Amino acid sequence: MTTARTIVLDETVPARSPWSAVVRAGDHWEIIDLHGNQAVDCLLYSAADHTERYSAQATVAAQRNIFLTTGSVLRTDAGAVLMTVVADEVGNHDTIAGACSQESNTLRYGLHTRHQHACVENFLAEGLRWGLGKRDLVSNINWFMNVPVEADGTLGIVDGLSAPGKRVTLRAEIDTLVLVSNCPQINNPCNGFDPTPVRMVVSR
């Protein structure tokens, strides 16, 4: 029998915007792709000690897979568990492509993109609310982002696998600070060249 859950937070994150919350141990956090093909960049920290943070390297090494889906366990450098993916309607989420920045936009797409807001700027602005700075940013998760690895080892950023209403659900194993950038990128297909809102639901 499935235990009924109570929604304790239900918020829509506008296109291109940051968002953050502390998800308590045992709570479920759902990320809902409202319109489809929207990348959601994410960083995780222990709410009690922000130096304990998500490690892409430790997570990938432990699961022997660079992609995240149901059953993936998100770990810190020391191997401690922050969150577990308990349900996934998409089946493939990126751990290695990183977050866009004004600098990377300029390098990849030209000087005319230098002014464009990007995920690193979102992380820095939202992180200030929690006492986090540039040194606290690490390699992030890109929920819903489709980044295949080609035969020659290069990464592709291609149309997403998601669709309107698709969701991924995580269970917090400890009190976890979640930092999100609802990706503003318009120069590659990660957002279908048209960033859209996403919905965040926390239940217990």
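A: In this predicted model, Ser55 touches Arg75, Thr76 and Asp77, leaving aside residues up to four places away in sequence. With one of these residues the link is polar: the side chains of Ser55 and Asp77 are joined by a polar contact of 2.9 Å. Ser55 itself is located in the loop between β4 and α1. It counts as buried because its relative accessibility is 3%, and the cut-off for buried is under 20%.

Helix α1 covers residues 56-63, and its buried residues are Ala56, Ala58, Thr59 and Val60. These buried residues pack against two strands, β5 (67-68) and β6. Arg64 follows α1 and has a positive phi, near 55°.

Strand β6 therefore deserves attention from two directions, since it spans residues 73-75 and Arg75 is among the residues that Ser55 touches, while the buried residues of α1 also pack against β6. This strand belongs to an open sheet of six strands, arranged in the order β1-β12-β3-β10-β7-β6 with antiparallel pairing. At the edges of the sheet are β1 (7-13) and β6, each of which pairs on one side only. From one strand to the next, the twist averages 20°. Further into the order, β7 (residues 81-88) and β10 (residues 166-172) run antiparallel and are joined by five bridges.

Strand β4 has antiparallel neighbours. Three bridges join it to β9 (residues 141-143), where Asn142 stands opposite Asp41. Seven bridges join β4 to β11 (residues 176-182), again in the antiparallel sense, and here Val40 stands opposite Asn182.

A further feature involves β3, a member of the six-stranded sheet. Trp19 and Trp29 form a stacked aromatic pair, with 6.2 Å from centre to centre and 15° between the planes. Trp19 is in strand β2 (residues 18-23) and Trp29 is in strand β3 (residues 28-33), so the pair ties together parts that are 10 residues apart in sequence. Both tryptophans, Trp19 and Trp29, are buried.

The protein as a whole gives the setting for these details. It has three helices and 12 strands. Of its 204 residues, 49% are buried, and Ser55 counts as buried as well. Among contacts with a separation of 6 or more, 74% are between residues 24 or more positions apart. The accessible surface comes to about 9300 Å², and carbon and sulfur atoms account for 53% of it.

Terms used. Residues are numbered from 1 along each chain as its sequence is written. This is a predicted model: local features need pLDDT of at least 70, side-chain atom pairs count only at pLDDT 80 or more; totals for chains, interfaces and linings use all residues. Side-chain values use heavy atoms; hydrogens and water are left out. Two strands pair if DSSP finds at least two bridges between them. Helices (H or I, at least four residues) and strands (E, at least two) are DSSP runs, numbered from the N terminus. Axes are lines fitted to C-alpha atoms, for helices over the stretch in contact, and angles run from 0 to 180 degrees between N-to-C directions. Buried means under 20% relative accessible area, exposed over 50%, partly exposed in between (1.4 Å probe, protein chains only). Contact means heavy atoms within 4.5 Å. Rings of Phe, Tyr and Trp (its six-membered ring) pair if their centres lie within 6.5 Å; planes under 30 degrees apart count as stacked, over 60 as edge-to-face and the rest as tilted. A polar contact is a pair of N or O atoms within 3.5 Å; within protein, one must be able to donate a hydrogen and the other to accept it, and residues adjacent in sequence count only if both atoms are side-chain atoms. Accessible areas come from the Shrake-Rupley method with a 1.4 Å probe; for residues, only the protein chains shown count as cover.
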